[in-house]
Amino acid sequence: MGVMGRLIMMMMPVTPKFIVGWVAKRYVAGTDLESAMRVMRSMKSQDTCFTLDVLGEEITNLEEAEYFVGEYHRALNAIVAEGMDANISVKPTAFGLLIDEKKALENIENITSVAAKNNIFVRLDMEDHRVTQSTIDIVTEMHDRGLTNIGTVLQSRLFRTSDDIFSLASRLDGNSDVRICKGIYLESEDIAHTRYHDIVVATNKAIDELLDSGAYTAIASHDLPVINHAIAALDERGMGPKTADPRENAGPERIGKGPGYEFQMLLGVRGNIRRKLAKDGHRTRVYLPYGSRWYEYSMRRLRENPDVAWHVAKSIIMPWTNRR
Ligand code: FDA
């Protein structure tokens, strides 16, 4: 982390909320669903689709989960009403995963079945190592119950990820759908890579493994060594823009998805690279968080991974490195 990033970290607790809000505005669509819909409408011309995320996680009592269930219902209704090319991303701990797994499963099933009726995909975001296995288990359980419109995220920094890729592929029989990312949580070196170079190598290997496993592969990175590797890996396998997925183990065609893969980026980060990918014909998706809990979310992300502070600092000082 640079000096600037460290400085920002130290300043965070005493920084007035309105300044944090001013910075967060770039990365968070707004405090409510209406703002999120407005941002999606305004970005439609960028030839991209979206995943809507209601900010919040790690609730402390199950009543709080009701807010998320209700808000995701509203989000699904709005996506359908406007015919928006969007799906949803969900944090399992916001539904109570760390309090009562059975109840969390019930809440997620509730949302996923409504989404299924409308051909909308549900992505379970991956949180820290405490919930890696239980998040994967929710996905396999939902598939067992006939809801195949759900997938999760694997974090390439974790040593276990290769095993998870192949076990999901064999368990879900052609319906595996994985977002691969580096992982935002700084996990211990007993279970994860901790150096940038090793994480990039592991990410590229995971992309290859996902493509070979037949999974729908959502490549979620803003890092050029990863994006360039992904493009080469797709090309090697005869995959690419406007080409039907040639993989024999790819399973059924997915509604609202690309030809076996897509690129995903966070709102406000490296839009110029995303637009270039879209211009080259790749399907791209913007992860669009919104909600009243933007302040807690921003502070927590910064505490968990100070690199984010450095990225934000860099994008303010050197805006050309990160065009929205
Ligand atoms: P890296 O961190 O090296 O970033 C490459 C460059 O992108 C930086 O140099 C900087 O210019 C820019 N950049 C990256 N992040 C930035 C930021 N916040 N602000 C400004 N510039 C930034 N993680 C997780 O654990 N569970 C999850 O479910 C998800 N979900 C998810 C969805 C999507 C769509 C994306 C893009 C990412 C995630 N992540 C995630 C986060 C992911 O694990 C990772 O922490 C970030 O994407 C940063 O890693 P990069 O591969 O982008 O590389």
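**Entry 1**

I started at Arg285, which is buried, with a relative accessible area of 1% (buried is under 20%, exposed over 50%, partly exposed in between, with a 1.4 Å probe and protein chains only). Before going on, I noted that this is a predicted model, in which local features need pLDDT of at least 70, side-chain atom pairs count only at pLDDT 80 or more, and totals for chains, interfaces and linings use all residues. I also noted that residues are numbered from 1 along each chain as its sequence is written, and that side-chain values use heavy atoms, with hydrogens and water left out.

Which residue forms a salt bridge with Arg285? I found Glu262, with the closest N and O atoms 2.6 Å apart (a salt bridge is a side-chain nitrogen of Lys or Arg within 4 Å of a carboxyl oxygen of Asp or Glu). This pair links distant parts of the chain, with Glu262 in strand β7 and Arg285 in strand β8, 23 residues apart (helices are DSSP runs of H or I with at least four residues, strands are runs of E with at least two, and both are numbered from the N terminus). Glu262 counts as buried because its relative accessibility is 0%. I then saw that salt bridges with shared partners join Asp53, Lys91, Asp125 and Arg179 into one network.

**Entry 2: other salt bridges**

By this rule I get a count of 24 salt bridges. One of them joins the side chains of Arg130 and Glu58 at 2.9 Å, N to O. Arg130 sits in the loop between β3 (122–124) and α6 (132–144), and Glu58 in the loop between β1 and α4, 72 residues apart. Arg130 counts as partly exposed because its relative accessibility is 45%, and Glu58 is partly exposed too, with 29%.

I also looked up Asp245 and Arg247, whose side chains meet in a salt bridge of 2.8 Å, N to O. Asp245 is partly exposed at 24% relative accessibility, whereas Arg247 is buried at 11%.

**Entry 3: backbone check**

Most residues other than glycine have a negative phi. Glu58 has a positive phi of about 40 degrees although it is not a glycine. Asp173 also has a positive phi, of about 50 degrees, without being a glycine. Asp173 is in the loop between α7 (161–172) and β5, and it counts as exposed because its relative accessibility is 64%.

**Entry 4: the ligand site**

How many residues surround the ligand? I have 26, and the closest are Met126, Lys182, Gly183, Ser221 and His222 (a residue is near a molecule if one of its heavy atoms lies within 4 Å of it). A ligand nitrogen is 3.0 Å from an N or O atom in the side chain of Arg179. A ligand oxygen is 2.7 Å from an N or O atom in the side chain of Lys182, and an oxygen of the ligand is 2.7 Å from an N or O atom in the side chain of His222. The protein covers 90% of the 930 Å² of accessible area that the ligand has on its own (areas come from the Shrake-Rupley method with a 1.4 Å probe). For the shell around the ligand, β4 (150–155), β5 (177–181), β7 (261–266) and α12 (306–317) each supply at least two residues.

Asp223 touches Lys182, Tyr196, Val200 and Arg270, not counting residues up to four places away in sequence (contact means heavy atoms within 4.5 Å). Asp223 lies in the loop between β6 (216–220) and α9 (224–236), and it counts as buried because its relative accessibility is 15%. Its side chain makes a polar contact of 2.7 Å with the side chain of Tyr196 (a pair of N or O atoms within 3.5 Å; within protein, one must be able to donate a hydrogen and the other to accept it, and residues adjacent in sequence count only if both atoms are side-chain atoms).

**Entry 5: helix α3**

Where does the buried side of α3 pack? I found its buried residues against β1 (49–54), α4 (62–82), β2 (86–90), α10 and β8 (284–290). Met40 is in helix α3 and counts as buried because its relative accessibility is 0%. Met40 touches Phe50, Leu52, Met84, Ala86 and Leu288, leaving aside residues up to four places away in sequence.
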